[in-house]
Every structure is written in structure tokens, then in C-alpha cells.
Amino acid sequence: MPYGIMDTKTGQTGFIDAVAFQAASFCDGKMNLDSPLVLPAHRESIAKLESAGVIEDCPSDTELEPWQKYCRSSGRYAASAHWSITGHCNLRCRHCYMSAPQAKYGELTTEECLRIIDQIAAAGIGQVSLTGGEPLVRADFWQLVDALLERRIVIRQIYTNGLLVTEELLAGLKARGIKCSFSLSFDGCGCHDWMRGLSGAEEAVIAAIRLLRSHGFGVGVETVLYTDNLPHMKETYELMKSLGVSHWKTSPAMNVGNWQQEQGHYDLPIDVLYAAYLDLIALHQADGAPLDLMLGGFYYGRRGSKEAVIPLIRFDGTDAAQRQILCRSCRVNPHIMADGKLLPCIPMTGSAVEAEMPSLLETTIAEALAGSRFFDVIDMKLGAVLENNPECAACEHRLRCGGGCHACGMTFGGSIYSADPYSCFFFKNGYEQKVRDRVAQYQKYKEE
């Protein structure tokens with residue numbers, strides 16, 4: 001994908017061919033489009049670009065703004081960056097993957113963060129999501145926000161525990177024209193305070209969701225599941241629906257970070273988790289899918305849709321799958337850690353490959369994307385897994401499962417080639433058909 005035009009209002013890049021890119025390059029405010037250098041194919045492309053609102057007529061000798069000029073990035077394409085701007089937090093979450101209560105990964109200085117923002121811009125990345133730790137605890141939060149805006153990098157989403165979501169925060173975002181969505185953590189009715197280590201946290205996050213919705217911000221919620229909150233999921237679903245959240249995502253607590261101290265006491269057996277997921281699918285389908293619901297990789301139901309997507313089905317089952325990359329999200333959405341390391345994704349924090357990843361204090365995002373151990377991981381093909389994991393290679397589901405999520409596989413197996421046990425259990429126990437049957441059952445019921 002060598003040629004693209006970025007919409008700086010959304011941060012999204014549209015890809016074009018060489019002829020269209022050359023045509024767009026002529027539109028620099030100086031080129032006379034009656035010139036014989038402008039061929040018929042260019043004129044056709046220019047007409048399409050003008051119709052799409054990408055270019056417009058202007059007086060001759062109009063100077064382009066610096067952000068409008070075409071540039072070349074030395075790295076490969078990435079759509080967005082997920083950035084932990086701090087490793088500090090104002091809660092003491094029992095399951096924290098990055099041990100934020102102990103500030104394991106610390107926090108970069110303002111100057112170091114500003115250099116990373118320059119790297120994001122230089123890599124042609126148009127969007128960021130801000131997370132932590134708790135991103136709102138940074139004293140220089142607004143300075144970083146303004147630096148992103150100055151470089152026309154769109155803040156797509158803010159991840160927060162909700163305690164610092166205030167009228168003042170929202171007024172500051174609105175004054176800057178920021179229309180991001182928020183992702184808040186909520187770990188079940190009656191269970192949130194225990195998981196978050198603070199009495200009153202549940203009441204505070206519900207209040208934050210209501211405040212955000214009253215100001216027109218989109219809100220999604222993520223829930224970490226363990227033995228004690230699983231029985232409360234139907235009640236939690238009803239609360240999410242009543243609060244008007246746009247999407248709700250659940251996943252089991254993983255044996256990383258602080259949860260390693262709790263692991264074994266509250267972990268969910270996979271069959272128990274999947275039985276609860278089937279019940280939630282039934283509830284969601286019978287209810288007309290009032291919100292987006294993602295149950296790990298088990299099920300994704302879009303709001304108002306009769307269709308069910310199963311993210312664990314990663315490949316099409318043909319031999320061509322062996323030449324495809326393991327994870328499309330990792331390929332275009334890297335994670336910048338609080339200490340400046342560049343990881344393929346958040347779940348690889350604390351994994352076997354973390355120590356091998358580049359530091360953005362020593363290299364740049366573009367350089368890492370151009371070729372590095374980081375790029376080796378995000379560009380890994382399914383064939384490499386099958387060559388290095390005999391169990392996966394012998395499995396009848398290998399060309400659809402692909403070993404599942406390999407960040408999860410590393411948590412359990414210690415290697416980038418290790419299989420994800422949640423995916424293994426899903427395919428080997430016929431859950432694909434169980435999900436499809438559950439969806440079909442309620443669609444038939446509603447039609448009758």
C-alpha cells in the first residue's frame with residue numbers, strides 16, 4: 001500500500017493507485033492543470049478527487065499548509081497507535097496486566113512523550129487511543145493532547161477507570177473540538193469495587209458513564225471475568241443497556257501482572273465461561289441486539305444485526321491461510337508502552353517477547369515498522385506457527401483456528417508459537433456450531 005491520502009479530520013487513510021497519487025501531487029496550488037504534463041488519466045483522477053472533496057479549486061500560487069504536503073514515510077503502514085501515556089494509576093486493580101498499582105513501567109517525561117508524538121506523525125499514523133495506567137493522572141495530559149492536535153493526529157479513544165471524568169475534562173475536550181469515544185472498565189454489578197481495590201469505584205464509574213452520555217460522548221465498557229462476577233453478567237448486561245453504552249466487551253482475567261497473585265483462586269474453567277457466553281448470546285439475540293457485544297473471540301454481535309461473527313475463526317480453511325499473517329490488528333495497531341517500548345499489542349505486556357521489543361527512546365516507530373524484531377512478530381505467518389508447533393500442525397482445525405491469539409498462547413505456553421487454549425477448546429468441542437445454533441434459535445423465534 002505505497003500511496004495514500006489521509007483525512008486529517010478522522011485520521012483515516014484512503015489508499016490510491018500510482019496514477020491517482022501522481023494526479024493528487026499535481027494539486028499543489030501552483031500547477032496549471034491545462035499543462036500537457038497532465039494526461040487524460042490524471043484529469044480523470046483529479047475529477048474523482050474533487051468530487052470526493054479531497055481537492056478544491058484555488059487561486060494560482062496558493063501555498064499549501066505544511067500538513068497538506070505529500071511526504072514519504074520510511075516505515076510500513078500503521079493505522080493507529082494504542083499509547084499507554086503513563087504506568088501510574090489511582091486504583092489498585094487486582095488483575096492489572098501492567099502492575100500499575102506498583103507503577104512497574106513508570107512514566108516518560110513530557111519531553112520524551114513529545115518526541116514520541118513526533119514519531120507518530122513521521123510514521124504517517126493518523127489516530128491514537130490514549131490509555132495507561134490511568135491516562136488522566138498525568139499532570140501534562142493537556143500538553144500532550146495539544147501536541148497531538150498540532151500534528152493533526154486524531155484522538156480516537158480514551159481508556160479510563162472513570163474516577164477523573166469530570167465536567168471540566170469534557171469541557172476541555174469540547175473546546176478543542178475532540179469528539180473521541182471513551183472506554184471504561186466495569187467488572188460486574190456488586191463486584192467492581194473488589195476487583196478495583198476501592199470502595200465506591202462502582203458507583204463512580206456508573207456516574208462517569210452517565211455524565212459522558214449526557215454530553216454526547218460515545219461510551220464502551222470492558223469487563224474482566226472471574227469466578228465471582230460471572231453469575232452477575234445478566235444483571236450487568238441489563239445495566240449496560242440501560243446506561244446506553246455503545247458496546248460491551250468481556251474477557252477472562254489472564255495470568256499476567258497482578259493477577260498472578262490471585263491466579264488459581266478465581267480463574268474460570270473454559271467450559272464454565274463458554275456456557276455463560278452461550279447464555280449471554282441468547283439474551284442478546286432475544287433482546288434484538290441493543291448494543292455491540294463482544295464475548296472474547298467467542299462471539300461478536302453488532303447492534304441491531306441478526307448476524308453473528310466468531311473472531312476465533314481467523315482463516316478460511318484453505319492452504320492459502322499458511323501465507324497469511326497471524327493477526328491483522330497487530331499489523332496496523334501497535335501498542336506504545338508506558339516505558340516507551342513498542343509492542344504488537346497490549347496482551348503481550350509481560351510476555352516472552354516483551355524484552356525483545358524496541359524502545360522508542362532508542363529507535364523510531366518508522367524504523368521499527370521498516371524492519372526489526374517488532375516487525376518480525378507482527379508480520380509472522382501461520383506457516384511459521386505450523387512449522388514450530390507440532391501439535392498445531394497435526395490439528396484438523398489448524399487452517400481455521402491458526403493457533404488462536406498468540407499473545408494468549410504465550411501466557412499459557414511461554415512461546416510465540418504456543419496455542420491459545422481458549423481457541424483450542426472452542427474448535428475441538430464444537431462450539432462454532434453451538435454458537436450458530438443459539439443465534440438461529442432466537443432468530444427463528446422472533447420471526448415466528
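## Terms and basis of the model

A residue counts as buried when its relative accessible area is under 20%, as exposed when it is over 50%, and as partly exposed in between (1.4 Å probe, protein chains only). By this rule histidine 82, at 14% relative accessibility, counts as buried.

The model is predicted: local features need pLDDT of at least 70 and side-chain atom pairs count only at pLDDT 80 or more, while totals for chains, interfaces and linings use all residues. Residues are numbered from 1 along each chain as its sequence is written, and side-chain values use heavy atoms, with hydrogens and water left out.

## The sheet

Helices (H or I, at least four residues) and strands (E, at least two) are DSSP runs, numbered from the N terminus. Ten strands form an open sheet with mixed pairing, in the order S10-S9-S8-S7-S6-S5-S4-S3-S11-S12. Its edge strands, S10 (299–301) and S12 (342–343), each pair on one side only. Two strands are said to pair if DSSP finds at least two bridges between them.

Histidine 82 belongs to strand S3 (residues 80–84). Apart from neighbours within four places in sequence, histidine 82 is in contact (heavy atoms within 4.5 Å) with Ser129, Thr131, Tyr159, Pro334, His335, Ile336 and Ile346. Elsewhere in the sheet, S5 and S6 pair in the parallel sense over 4 bridges, and isoleucine 158 stands opposite phenylalanine 182 in S6.

Strand S8 (residues 247–252) shows alternating side chains.

S8 pairs in the parallel sense with strand S7 (residues 219–225) over 6 bridges, and here proline 252 is the bridge partner of leucine 225. S8 also pairs in the parallel sense with strand S9 (residues 292–295), over 4 bridges; in S9, leucine 293 is the bridge partner of tryptophan 248. Together, S7, helix H8 (residues 233–243) and S8 make a right-handed β-α-β unit. Right-handed here means that, with the strands pointing away from the viewer, the path from the first strand over the helix to the second runs clockwise.

## Helix H4

In helix H4 (residues 141–150) the buried residues are Phe141, Leu144, Val145, Ala147 and Leu148. They lie on the same side of H4 because they cover an arc of only 160° around the axis; the arc is that of the directions from the helix axis to the C-beta atoms.

The buried residues of H4 pack against helix H3 (110–122), strand S4 (127–131), strand S5 (154–160) and H5. After H4 comes arginine 152, with a positive phi near 55°.

Arginine 176 is placed in the loop between helix H5 (167–175) and strand S6 (181–185). At 31% relative accessibility, arginine 176 counts as partly exposed. Leaving aside neighbours within four places in sequence, arginine 176 is in contact with Trp142, Val145, Asp146 and Leu149. A polar contact is a pair of N or O atoms within 3.5 Å; within protein, one must be able to donate a hydrogen and the other to accept it, and residues adjacent in sequence count only if both atoms are side-chain atoms. The side chain of arginine 176 makes such a contact with the side chain of aspartate 146 (2.6 Å), and a polar atom of the arginine 176 side chain lies 3.0 Å from the backbone oxygen of glycine 172.

Histidine 215 is found in the loop between helix H7 (201–214) and S7. With a relative accessible area of 24%, histidine 215 is partly exposed. Not counting residues up to four places away in sequence, histidine 215 touches Glu167, Leu170 and Lys174. Its side chain makes a polar contact with the side chain of lysine 174 (2.9 Å).

Helix H9 (residues 270–286) has 17 residues and reaches 24 Å from its first C-alpha to its last, close to the 24 Å expected at 1.5 Å a residue. That expected span is 1.5 Å times one less than the number of residues. Among the buried residues of H9 are Ile270, Leu273 and Tyr274. Just after H9, glycine 288 takes a positive phi of about 80°.

Serine 423 lies in helix H17 (residues 421–428) and is buried, with a relative accessible area of 0%. Beyond residues up to four places away in sequence, serine 423 touches Tyr274, Leu312, Cys401 and Gly404.
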